[in-house]
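Open the structure in your viewer and switch to a cartoon view. Keep the selection tool at hand, and follow the stops below in order.

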Amino acid sequence: MALRKLRFLDDELLRKKSKPVEVIDDKIRQILNDMAETMYKENGGGLAAPQIGLLKRLVVIDMGQGLLKLVNPEIIEREGNQEVIEGCLSIPNIWGKLKRPAKVRVKALNENGKEIILTGTGDLAKCFCHEIDHLDGILFVDSVTEYVKGS
């Protein structure tokens, strides 16, 4: 595994749409492992491939339930609303309130190419939305209703 260099807000790559992963091979699994190592080192709850300069639909998440490695994730159901406070490893020291679904269902492939469906509520739903937004070039600051002091 290797640490990857994070991209920050002024990097135009963060505003581009990522391409689906066609083949899940050892190279993709290595990228997912590197992403996880980078996320943990930076004390993040999630990391999307664009944040390390790759326009691939790859996400890693660990909101305390264990590491999730997702290939081509997409939200297939949204339920309810919640107001959340978010930050982002690519936008350090900025926190903001925004609205997210209270519950989401996500369809993705795991690192072995098997289709999985995951349900997230609360913070996990927030994180799914935040990371999948990254894959479409959307940053949380695009939806902030109010900036708040760091948490």
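Begin at a turn: select the hairpin of S2 and S3, which has 6 residues between its strands. Click Gly 64 there; its phi is positive, near 100°. Bear in mind that this is a predicted model.

**Stop 1: the strands on either side of that turn**

Now select S2 and S3. The two run antiparallel and are joined by 4 bridges.

What is phi of Asn 72 near? The value is near 55°, positive in a residue other than glycine. Most residues other than glycine have a negative phi.

**Stop 2**

S3 and S6 pair in the antiparallel sense, over 6 bridges.

**Stop 2: the five-stranded sheet**

Select the whole sheet. In what order do its 5 strands run? The order is S1-S2-S3-S6-S7, in an open sheet with antiparallel pairing. Look at the edges: strand S1 (46–48) and strand S7 (115–121) stand there, and each has a single partner strand, so one side of each has no neighbour in the sheet. From one strand to the next, the twist averages 40°.

**Stop 3: the helices on this sheet**

Show helix H1, residues 26–41. H1 packs on the sheet and touches S1, strand S2 (58–61) and strand S3 (68–79). The direction of H1 makes about 40° with that of S2.

Then show H2. Which strands of this sheet does H2 touch? They are S1, S2, S3, S6 and S7. The direction of H2 makes about 125° with that of S7.

**Stop 4: a salt bridge on H1**

The structure holds 15 salt bridges. Zoom in on one of them, between Arg 4 and Asp 34, where the closest N and O atoms are 3.0 Å apart. Arg 4 lies in the segment before H1 and Asp 34 in helix H1, so the pair ties together parts 30 residues apart in sequence.

**Stop 5**

Take the pairs in turn. S4 and S5 form a hairpin with 2 residues between them. They pair in the antiparallel sense over 6 bridges. Click Val 84 and you will find Leu 98 of S5 opposite. Click Glu 86, and the bridge partner in S5 is Gly 96.

On to S8, residues 146–148, which pairs with S5 over 3 bridges in the antiparallel sense. Here Trp 95 has Val 148 of S8 as its bridge partner.

One more click in S5: Asn 93 lies in this strand. Phi of Asn 93 is near 65°, a positive value in a residue other than glycine.

**Stop 6: the largest pocket**

Finish with a surface view. The largest pocket holds about 430 Å³ of space. It is lined by 23 residues; Gly 45, Gly 87, Cys 88, Leu 89 and Trp 95 lie nearest its centre. Strand S4 (82–88), strand S5 (91–100) and helix H2 (122–135) are the elements that give two or more residues to the lining.

Which element gives the most to this lining? That is S5, with 5 residues. Colour the lining by class to see 11 nonpolar, 8 polar and 4 charged residues.

Definitions and conventions: Residues are numbered from 1 along each chain as its sequence is written. This is a predicted model: local features need pLDDT of at least 70, side-chain atom pairs count only at pLDDT 80 or more; totals for chains, interfaces and linings use all residues. Side-chain values use heavy atoms; hydrogens and water are left out. On a 1 Å grid over the protein atoms alone, a cavity is a set of points where a 1.4 Å probe fits but cannot get out, and a pocket is an open set with protein on both sides within 12 Å along at least five of seven lines; lining residues have an atom within 4 Å of a point. Grid points are joined across faces, edges and corners, and a volume is the space filled by probe spheres set on the points. Ala, Val, Leu, Ile, Met, Phe, Trp, Tyr, Cys and Pro count as nonpolar, Asp, Glu, Lys and Arg as charged, and the others, Gly among them, as polar. Two strands pair if DSSP finds at least two bridges between them. Axes are lines fitted to C-alpha atoms, for helices over the stretch in contact, and angles run from 0 to 180 degrees between N-to-C directions. Contact means heavy atoms within 4.5 Å. A salt bridge is a side-chain nitrogen of Lys or Arg within 4 Å of a carboxyl oxygen of Asp or Glu.
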